[in-house]
Amino acid sequence: MSDSSELRHECGVFGVVGDPDAARLTYLGLHALQHRGQEGAGIVARSQRTLHEHRGLGLVHEVFDEGTLRGLSGEAAIGHVRYSTAGSNSLADVQPFLARWRHGQVAVCHNGTLTNAGLLREELEEKGAIFTRTSDTEVLLHLIAGSDQKTLVNRLVDALSRVEGAWCVLVLAGDKLIAARDPWGFRPLMLARRGDAWMVASETCAVDFVQGTVVREIEPGEVVILDQDGAQSLRPFPRKPRRACIFETIYFARPDSQVFGRDVYAARVRLGELLAARFPARADVVIPVPDSGTPAALGFAQASGLPYGMGLLRSHYVGRTFIEPTQRIRDFGVRLKLTPNRSVVAGKRVVVVDDSIVRGTTSQKLVRMLRGAGALEVHLRIASPPMTGPCFYGIDTPERNDLLAHRLDLPRIRQFLDADSVAYLEIDDVREAVGGEGSRYCDACFTGNYPVAPVSRREEAQLPLFEGEREP
Ligand code: SF4
């Protein structure tokens with residue numbers, strides 16, 4: 001995605017129980033999930049019922065070293081990579097959060113966004129709760145601590161039944177690691193094994209990386225309890241229609257992962273094939289916007305019979321400059337991150353395949369760069385529909401008014417981007433490509449069909465009587 005500096009991955013979680021190198025495995029798992037969050041990383045490990053933590057800002061390999069991992073000995077661990085979809089980018093907000101309460105220690109980390117976190121925070125503050133972090137995960141900690149249920153599992157279920165939105169939660173406390181996924185199933189969460197150990201991970205690529213074996217997806221609304229007795233599964237929440245985030249398959253997940261029962265790479269190639277079938281272009285070469293547009297460009301090239309070329313080169317060495325959330329750095333970053341390859345595009349009619357367009361400013365620069373490198377024509381093909389609305393479920397998107405497709409219709413988008421043609425895939429084609437037996441997806445940022453209305457303030461929460469009445 002050329003706009004990737006404007007649309008961030010959410011977070012990734014990884015957990016292990018029953019391996020003497022739990023923290024090291026978690027470190028490796030988090031490294032494989034680095035694409036889901038680059039602002040901070042943390043691990044809490046359990047050794048003889050005592051929890052130890054290490055958290056830091058930066059990439060996984062920058063946060064941990066040999067010494068910090070030695071300090072995280074023990075047979076169970078949970079970890080988190082973070083991008084600040086909710087909350088600030090400070091060390092205090094790096095997860096897992098480790099707290100001490102009347103029953104001992106508890107550590108919590110979470111992938112997603114609690115759509116009613118603001119309202120719950122207000123209620124808790126009125127009752128005297130003190131918050132030291134901006135992340136909505138702290139709301140969960142308070143709800144767990146404040147529950148009048150008798151066991152940790154029941155307290156967690158009690159807390160989770162009060163939150164709305166998207167959440168994949170890992171909790172480490174006592175002798176248990178508990179993994180829970182929201183009833184809509186917005187974000188992926190896998191259950192896996194490695195020898196006698198149990199693992200949980202946001203994506204299968206992390207399980208593969210530590211040479212584990214995926215057992216199955218943790219189901220929407222499922223709570224899995226892992227301890228010395230093995231794995232126990234509960235379904236304590238009322239069932240909801242499944243709403244897996246369609247953008248995980250289009251862009252967020254790593255292409256070597258399987259999410260929601262579908263091979264991500266194969267789905268992206270199929271998106272490209274469908275693009276070529278629906279919106280062919282008279283051109284000389286197909287090029288991807290790397291890396292996320294690459295499988296779709298391959299699919300487009302294969303289906304159209306046009307040659308495939310690396311017409312844009314991506315620098316992998318720019319580092320964390322790109323996660324600075326400022327407009328100035330963002331614009332600078334686009335020029336540093338992608339450069340045109342003159343030998344592929346000069347004198348050619350070029351099809352550029354990208355997975356999505358967010359604000360459009362970076363796509364506009366790409367078209368300009370390709371023309372500057374000698375491209376005769378530039379035809380943009382986008383492997384998803386026009387993005388017209390923000391995400392409230394764990395993805396950091398710009399405001400609705402900043403989204404290109406919300407502001408402009410297709411002819412004016414083409415004009416704005418200065419492309420010779422622009423075409424987006426339609427939502428039905430995307431649904432076909434991402435497949436997934438019996439699965440149904442959230443596609444709200446394309447269609448406006450929001451499964452859960454966001455609630456941020458008490459007065460807003462009191463307005464509508466029925467879910468769906470509220471315009472998000
Ligand atoms: S709104 Fe878009 S990005 Fe957010 S969960 Fe739904 S499909 Fe995914």
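Helix α9 buries V264, A267, R268, V269, R270, L271, G272, E273, L274, L275 and A276, where buried takes 20 or more other C-beta atoms within 10 Å of a residue's own, exposed is 12 or fewer, partly exposed is in between, and C-beta atoms are placed from the backbone. That leaves α9 mostly covered, with 11 of its 15 residues buried. This is a predicted model, in which local features need pLDDT of at least 70 and side-chain atom pairs count only at pLDDT 80 or more, while totals for chains, interfaces and linings use all residues. Residues are numbered from 1 along each chain as its sequence is written. Helices (H or I, at least four residues) and strands (E, at least two) are DSSP runs, numbered from the N terminus.

As for length, the end C-alpha atoms of α9 (residues 264–278) lie 21 Å apart, in agreement with the 21 Å its 15 residues should span at 1.5 Å a residue; the expected span is 1.5 Å times one less than the number of residues. Helix α13 (residues 361–372) has 12 residues and reaches 17 Å from its first C-alpha to its last, close to the expected 16 Å. Its buried residues are T361, T362, S363, L366, V367 and L370. After α13 comes G374, with a positive phi near 105°.

Now to the sheets. One is open and parallel, with 4 strands in the order β17-β20-β21-β22; two strands pair if DSSP finds at least two bridges between them. β17 (285–288) and β22 (421–424) sit at the edges with a single partner strand each, so one side of each has no neighbour in the sheet. Neighbouring strands here are turned by 20° against each other on average, direction ignored. Axes are lines fitted to C-alpha atoms, for helices over the stretch in contact, and angles run from 0 to 180 degrees between N-to-C directions. Between β17 and β20 (residues 349–354), which run parallel, there are 4 bridges, and P288 stands opposite V353 in β20. Packed on this sheet is helix α10 (residues 294–304), which touches β17, β20 and β21 (377–382) and points at about 165° to β17; contact means C-beta atoms, placed from the backbone, within 7 Å.

The other sheet is also open, but its pairing is antiparallel, with 6 strands in the order β5-β6-β7-β8-β12-β13. Its edge strands, β5 (97–101) and β13 (230–234), each pair on one side only. Here, too, neighbouring strands are turned by 20° against each other on average, direction ignored. β5 and β6 (residues 104–114) run antiparallel and are joined by 5 bridges, with L98 opposite A107 in β6. Helix α5 (residues 137–146) lies across β5, β6 and β7 (165–173), at about 135° to β6.

I413 belongs to helix α15 (residues 410–417). It is buried, with 22 other C-beta atoms within 10 Å. Leaving aside residues up to four places away in sequence, I413 touches G360, L404, A405, L408 and V422. Of these, G360 is 53 residues from I413 in sequence, yet their C-alpha atoms are 8.4 Å apart.

Finally, the ligand. Around it are F186, C245, I246, F247, C391, Y393, I395, C442, D443, A444 and C445, each with its C-beta atom, placed from the backbone, within 6 Å. α8 (246–252) and α17 (444–447) each supply at least two residues of this shell. By class, the shell has 10 nonpolar, no polar and 1 charged residues, counting Ala, Val, Leu, Ile, Met, Phe, Trp, Tyr, Cys and Pro as nonpolar, Asp, Glu, Lys and Arg as charged, and the others, Gly among them, as polar.

Definitions and conventions. Two residues are in contact if their C-beta atoms, placed from the backbone, lie within 7 Å.
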